[in-house]
Amino acid sequence: MGKNGYLPLFETRPARGLVFFRSYAASIFIGICFICFHRVSYFPVTERWVWVGMFVAELWFSFYFFITVIVKWNPVFRCTFKDRLSSRFEEEELLGVDIFVCTADPRLEPPTMVVSTVLSVMAYDYPPHKLSVYLSDDGCSDLTFYALLEASGFAQLWLPFCRKLKVEPTSPEAYFQTTPEPVDDAFMANEWLIIKKTYEDMRIRIESMTRLGKVPADIRKEHKGFDEWDFVVSRHDHPSILQILIDGRDPNAIDIEGKALPTLVYLAREKRPQIHHNFKAGALNALIRISSRISNAPFILNVDCDMHSNNSKAIRDALCFFLDEDNGHEIAYVQYPQTFGNLTKNEIYGSLRVVMKLELAGFDGNGGPCYIGTGCVHRRESLCGMKYSKELIVESKAMKYDTKIIEKASSIEENCKALASCTYEENTPWGKEMGVKYGCVVEDILTGICIQSRGWRSVYLTPQREAFLGMVPTTLLDTLVQHKRWAEGDFQIFLSKHCPFVYGCQNMPLKLQLSYCIYLFWVPNCFATLYYVFVPSFCLLKGISLFPKISSSWGIPYLYVIVVHRVQSLVEFVWLGGTVRGWLNEQRMWMFKRTTSYFFAAIDNILKLCGFSKSAFIITGKVADDDLNRRYEQESMEFGTSSPMFTVLATLALFNLFGLVVVGTNKAINDDARIKVFDIFGFQILLCCVLVFVNLPIYQGMFFRKDSGKIPASVTLRSIAFALLASTLAMY
Ligand SMILES: O=c1ccn([C@@H]2O[C@H](COP(=O)(O)OP(=O)(O)O[C@H]3O[C@H](CO)[C@@H](O)[C@H](O)[C@H]3O)[C@@H](O)[C@H]2O)c(=O)[nH]1
Ligand SMILES: [Mn+2]
């Protein structure tokens, strides 16, 4: 029995098998101690600095290893009891939820995808008059508005259909792609075909309009909302546009079965070229204010437009945590994992989904997962109401309105526009103490830190059926650029006053502060990695040995740490539902991200510190042409463009290849000497082999591919020149 004599609504279970993990960690620790001892006691007389460099890199890797151990020391898994929820509360008593969907560019984020996401969240298994869906359109596109208008009509068919057939996932795009026609029931099959046809027709209309690039005059006449675009100069220069497409309070807002529809609102906040709009954080804060005036639900679900609902019970699940306490703590937010549902489940660019699974359950055991921007249900007051303690409530201007007065939708639209104006936040705590935080491209992580450092706890929930499915980038460059944004923002947080060790030191447990380091320290990671993929091969060519001899027993700790560490990672990866192939891809991406994304993020961080550049949010593309899609499905790595990131990757790949070729084909050494060379340089040669293996897709992209996804010739030539230069320097 829990509080008030009720059965608890959720349960927290520690992970099993921790003994294995802990003894593994302890054994690696011992290995590291031996390595340090070797590094210190065999300090060379000549070439000291390269040795020191190796040692520093290894110390850094060890430090990072300790942080990952802390994160994974005590993972917990949560499960809910939704049936107890329904026995405790009538459907009518369930609390309201405002759902925020963000989109920013109709060319990068196709309106068909955006409205499928919107429809998927409108169809939650939840009383419709308790749901309000808000779409923020930073692209201020009448095409997106048109698509949403179409979706509001289609919802009248789609929602009853979802209820009747218990449709999962409730995104029409995903559903019709993944679910075959029901054959056993002729009536249902017929209905299924009708809905599918209606959906396809709508999709074709939206897509052709998107291709056309503008909404024709005859359609513009059909809804007053389009008139608002008369005042739009460009997407960077326009007044607020607010349109309530479905007013949930209106008795006529019903679906074809006569059941109420959730409220549906379109918002394009005001933008002016001279005023910074703070990217997604700015959009969310505008939504927080607008929604507080329209529906003011106590809970807010935030999803990106590229992530549709895949489990219609997810809101009920989240509610189980909000209505109970966790060890006396109220829960600020429930974070669902970022899982990816790109058609082929292709993980050539790594599998964040598997990697984060355990990391976030580690976080949860240490005080609560970070907020990762999408698939998160917030308590409204934790996001915007409370300042430093629960007693001190910062009152927002928006909250002053009385929401009980029933207003006509059109007058709400007019009255609320000011809340989304770009000057509204001037001299207010918005973006600083209130709402989502500004000034960082990972506004999500930063906001999560601020919430947790006020003493709130959060929960990580991985239901049996994934709650959301999203899109991963489908090109290498998109992936690297996305990680650069994350790495850059995370390191910026570390350097700022919001660093968890400073800002969170009162209310955050130390282990949680430390846990954040695995993300905050992505950037410094690049230096140790760059050193390790370049210097040992360089020294191999130069004839400097950096590791113990293969025949020496000092080699054992090195071998042990490297091999066991990787084996553990493989076992863990497979245990969490990944594949061996996925793991190999993840290893490759591990290196690519460290040598490019994090490195470029480091450069940008330095430039920013010196005041030379400002960070920008580069939106990840979500459209791909047929050619690219085909290559993606074949798991062939997509290069295609000439980016400095590729030059770095290709140069390192070629340099290591040269190193291996030179050592392998050296005629000057006879068989006897060969054994000796291998004994002395064995570790360096092995490292070189591993790097060449990891880089196989790069060589392929440079020399063996003809399609447009290959590495451009200019990048290849440049990299050959750089790699040759480096090898020449090493050898002469
Ligand atoms: O000026 C902007 C820029 C972006 N977005 C929206 O932000 C979301 C995330 O953008 P995306 O390009 O998909 O980036 P991701 O790297 O996939 O986003 C992850 O990382 C971001 C922080 O870097 C978080 O905000 C996201 O929630 C999280 O999913 C999308 O819905 C965009 O429409 C805006 O609304 N306004
Ligand atoms: Mn995204």
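The shell around ligand 1 in this predicted model holds 10 nonpolar, six polar and eight charged residues. Here Ala, Val, Leu, Ile, Met, Phe, Trp, Tyr, Cys and Pro count as nonpolar, Asp, Glu, Lys and Arg as charged, and the others, Gly among them, as polar. A residue is near the ligand if its C-beta atom, placed from the backbone, lies within 6 Å of it. Of the 24 residues around ligand 1, Cys102, Ala104, Asp304, Gly373 and Thr620 come nearest. Strand 3, helix 9, helix 14 and helix 15 each give two or more residues to this shell. Helices (H or I, at least four residues) and strands (E, at least two) are DSSP runs, numbered from the N terminus.

The largest nonpolar core has 177 residues. Such a core is a set of buried Ala, Val, Leu, Ile, Met, Phe, Trp, Tyr and Cys residues joined through C-beta atoms within 7 Å. Buried means that 20 or more other C-beta atoms, placed from the backbone, lie within 10 Å of a residue's own. Helix 5 (residues 142–165) gives the most to this core, with 13 residues. Domain 1 (83–479) and domain 2 (639–732) both contribute, so the core lies between them. These bounds come from an automatic or database domain assignment. The domain centres, taken over C-alpha atoms, are 47 Å apart.

Residues are numbered from 1 along each chain as its sequence is written, while chains are lettered from A and ligands numbered from 1 in the order in which they are written. Local features need pLDDT of at least 70, side-chain atom pairs count only at pLDDT 80 or more, and totals for chains, interfaces and linings use all residues.

How values were computed
A residue is buried if 20 or more other C-beta atoms lie within 10 Å of its own, exposed if 12 or fewer, and partly exposed in between; C-beta atoms are placed from the backbone.
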